[in-house]
Amino acid sequence: TLEGHTNDVVSVTFSPDGRLLASGSHDEMIKLWDLTTGELHQPLKGHTQEVNSVAFSPDGRLLASGSRDKMIKLWDLKTGQLQQTLEGHANWVQSVVFSPDGRLLASCSNNGDIRLWDVATGELQRTLEGHTIWVKSVTFSPDGRFLASVFAGKTIKLWDLTTGELHQTLKCHTSMVRSVVISPDSRLLATRFYGNTIKLWDLTTGEL
């Protein structure tokens with residue numbers, strides 16, 4: 001049991017090498033845990049409101065965090081120092097995720113915008129427009145071709161990252177979507193709902 005946060009923990013993720021666990025909390029803190037010893041490796045402090053999402057870069061060198069303070073922060077894990085702050089969202093940042101090659105960072109917020117950032121420069125590369133309100137989470141396909149976004153609980157949009165255009169809209173009328181994940185071969189999308197339902201979708205055709 002890893003103890004140390006003083007409020008709800010809302011995001012956890014393993015480092016690519018499995019040595020560290022990062023946790024983001026409503027106490028405005030990010031904590032890095034050494035899984036060999038179970039001890040706190042490093043606290044990262046800089047957000048001024050709740051931390052909603054944390055994500056390691058594929059090479060394990062960076063940690064991204066998104067917060068209700070509308071900021072995204074990139075942390076250098078070798079030094080423990082803040083590398084840069086990405087600004088532009090007009091509402092809470094709900095989710096952050098690195099692309100499989102580590103070159104892009106995707107983020108989404110409560111006002112419906114999805115942004116793609118250049119990790120090396122911190123510059124905004126593209127804004128994906130089509131959602132009107134709250135986007136809960138985003139995830140890349142392993143081949144880097146698509147981005148899936150969960151919108152207002154019951155709709156999933158698939159974006160073609162080559163063109164920046166909307167590829168498919170998947171409507172899940174029965175219940176609220178809790179999470180999505182794309183298979184390693186990038187052929188299937190799995191959606192988990194409140195209750196006991198999982199749905200599998202063909203990523204190319206959008207068929208259930």
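**Close-up views of a predicted model**

View 1. Strands (E, at least two residues) are DSSP runs, numbered from the N terminus, and two of them pair if DSSP finds at least two bridges between them. The model is predicted: local features need pLDDT of at least 70 and side-chain atom pairs count only at pLDDT 80 or more, while totals for chains, interfaces and linings use all residues. Residues are numbered from 1 along each chain as its sequence is written, and side-chain values use heavy atoms, with hydrogens and water left out. Strand β10 (residues 104-109) runs antiparallel to β11 and is joined to it by five bridges, with L104 as the bridge partner of D118. Four residues separate β10 and β11 in their hairpin, where G112 in the turn has a positive phi of about 95°. On pairing with strand β12 (residues 124-128), β11 forms four bridges in the antiparallel sense, and L116 stands opposite R126. The hairpin of β11 and β12 has five residues between the strands, and G122 takes a positive phi near 80°.

**View 2. The open sheet β1-β2-β3-β4.** Four strands in this order form an open sheet with antiparallel pairing. Strands β1 (9-14) and β4 (40-45) stand at the edges with a single partner strand each, so one side of each is left without a neighbour in the sheet. From one strand to the next, the twist averages 20° (axes are lines fitted to C-alpha atoms, and angles run from 0 to 180 degrees between N-to-C directions). Five bridges join strand β3 (residues 29-34) to the antiparallel β4, and K31 stands opposite P43 in β4.

**View 3. Surroundings of T139.** Strand β13 (residues 135-140) contains T139, which is buried, with a relative accessible area of 16%. Leaving aside residues up to four places away in sequence, T139 touches V97, F146, L147, A148, V180 and I182, where contact means heavy atoms within 4.5 Å.

**View 4. R68 and the ring of W92.** The charged end of R68 sits over the ring of W92, 3.9 Å from its centre; this requires NZ of Lys or CZ of Arg within 6 Å of the ring centre and within 35 degrees of the ring normal.

Note on methods. Buried means under 20% relative accessible area, exposed over 50%, partly exposed in between (1.4 Å probe, protein chains only).
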